[in-house]
Amino acid sequence: MAAQSTILALCLAAVAARQTPAALRPAALRVRGGSTAAEENANARIEKLRRLGEDAGFVAALDQSGGSTPKALADYGVEPSAYDGDEAMYDAVHAMRERIVKSPAFDERVLAAILFEKTMDRTFGGLPAPEYLWATKRCVPLLKCDKGLEPEVDGCQLMRDTPDLEALLERAKKLGVAGTKMRSRIAAANEAGIRAVVAQQFALAKRVLKCGLCPIVEPEIDIRCPDKALAEEMLLNALHEALHALGENEVVMLKLTLPECDGLYSSCVMHPKVLRVLALSGGYDRAEATRKLARNPGVIGSFSRALMEGASRSMSDADFDAHLETAVETIRDASVNKVEED
């Protein structure tokens with residue numbers, strides 16, 4: 001528990017370091033050391049949190065689960081008729097993900113990648129997937145840890161129960177995972193529903209923090225939500241209340257739908273309990289998603305569909321790499337180089 005508290009305290013230090021000259025940062029954020037396997041693992045997690053909190057780039061979302069995998073494969077040119085059963089489907093989507101991460105375009109501009117549990121348990125290039133990402137790409141491995149959504153109530157969908165979360169996170173931590181992501185859905189500007197979503201997200205986040213990992217809180221507002229701007233205001237208020245209630249060494253990341261009002265989440269970007277604010281593409285095409293992203297200071301992309309838009313299994317490796325290069329650079333640019341409203 002002491003090591004976990006140290007890691008989370010250094011996560012707070014990483015937040016402060018975003019605005020602190022390098023020479024004045026805590027030594028643990030500037031150098032690595034340690035002689036035991038446990039110390040080396042802890043130091044690696046510290047460096048991963050530092051990279052997530054400070055470096056320029058974006059986060060790749062490679063975490064399509066069972067429900068969303070068929071559409072992701074179809075968009076990639078793999079129709080359901082090409083595979084028979086769930087395991088063959090997961091084999092097909094893993095091949096797609098391995099092609100992505102092994103591409104030369106998938107480089108230091110990609111700060112982290114969110115993985116589905118079945119991806120975490122497989123290999124890339126002969127190495128455990130989390131190890132490959134960090135050792136060869138300096139890409140921080142993160143884990144989607146929710147188990148899907150409950151039916152809609154009060155215009156929102158809460159997450160299903162996750163009774164085995166702690167066991168999953170212990171296994172993930174041993175594999176080198178540094179954080180988690182869990183998604184809820186907001187479909188209406190219903191204050192009771194939105195508050196229930198945020199309360200559940202932060203309750204789960206606290207369980208993740210107790211395991212020594214940094215959670216990504218993702219209360220996604222559906223881009224088709226009526227009164228989307230009002231729902232965003234309700235969400236912002238609920239988020240600030242929840243952030244204010246976090247303990248001394250508790251830090252989270254936020255993953256939010258790109259807002260109707262540019263800069264709406266700037267207060268979250270600067271909040272001392274927020275390591276980073278990410279934006280999901282949420283169904284916007286890449287052009288629209290990056291246009292909106294570039295107008296939100298301090299927010300970086302965490303895209304899935306917009307990252308793979310237009311890519312196909314039938315492409316030659318050279319064409320695929322060139323296509324992914326364009327996507328990676330476009331998303332990185334919108335994450336780093338911000339513009340003002342015309």
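**The largest pocket and its setting**

Modeller: Buried residues account for 54% of the 342 residues in the protein chain. The model is a predicted one, with a mean pLDDT of 90 for the protein chain and 87% of residues at 70 or more. Residues 1–7 have a pLDDT below 50, and beyond near neighbours in sequence this stretch has 12 contacts in the model. Residues 27–35 also stay under 50, with 19 contacts beyond four places in sequence. Where pLDDT is low, the predicted coordinates should not be read in detail.

The protein chain has 13 helices and 11 strands. Of the contacts between residues at least 6 apart in sequence, 73% join residues at least 24 apart. The accessible surface of the protein chain is about 14,100 Å², and carbon and sulfur atoms hold 53% of that area.

The largest pocket has a volume of about 1,000 Å³. Its lining consists of 39 residues, and those closest to the centre are Q64, S68, R183, S304 and R305. Several elements each supply at least two lining residues: the helices α3 (69–75) and α12 (305–308), and the strands β7 (179–186), β8 (214–221) and β11 (299–303). By class, the lining comprises 16 charged, 12 nonpolar and 11 polar residues.

D227 is not a glycine, yet its phi is positive, near 55 degrees. Its relative accessible area is 55%, over the 50% cut-off, so D227 counts as exposed. A second residue of this kind is D154, a non-glycine with a positive phi of about 55 degrees. D154 sits in the loop between β5 (140–144) and β6 (156–157). Because its relative accessible area is 42%, between the cut-offs of 20% and 50%, D154 is partly exposed. As background, most residues other than glycine have a negative phi.

Leaving aside residues up to four places away in sequence, F124 touches H94, R97, E98, V101, T119, A129, Y132 and L133. One of these, V101, is 23 residues from F124 in sequence, and their C-alpha atoms are 8.0 Å apart.

Conventions:
Residues numbered from 1 in each chain as written. Predicted model: local features only at pLDDT ≥ 70, side-chain atom pairs only at ≥ 80, totals over all residues. Heavy atoms only, no water. pLDDT = per-residue confidence, 0-100. Contact = heavy atoms within 4.5 Å. Helix = DSSP H or I, 4+ residues; strand = E, 2+ residues; numbered from the N terminus. Buried < 20%, exposed > 50% of the residue type's maximum accessible area, 1.4 Å probe, protein only. Areas by Shrake-Rupley, 256 points an atom, 1.4 Å probe, with all protein chains shown as cover. 1 Å grid on protein atoms, 1.4 Å probe; cavity = no way out; pocket = protein on both sides within 12 Å on 5 of 7 lines; lining within 4 Å. Points joined across faces, edges and corners; volume = space filled by probe spheres on them. Nonpolar A, V, L, I, M, F, W, Y, C, P; charged D, E, K, R; others polar.
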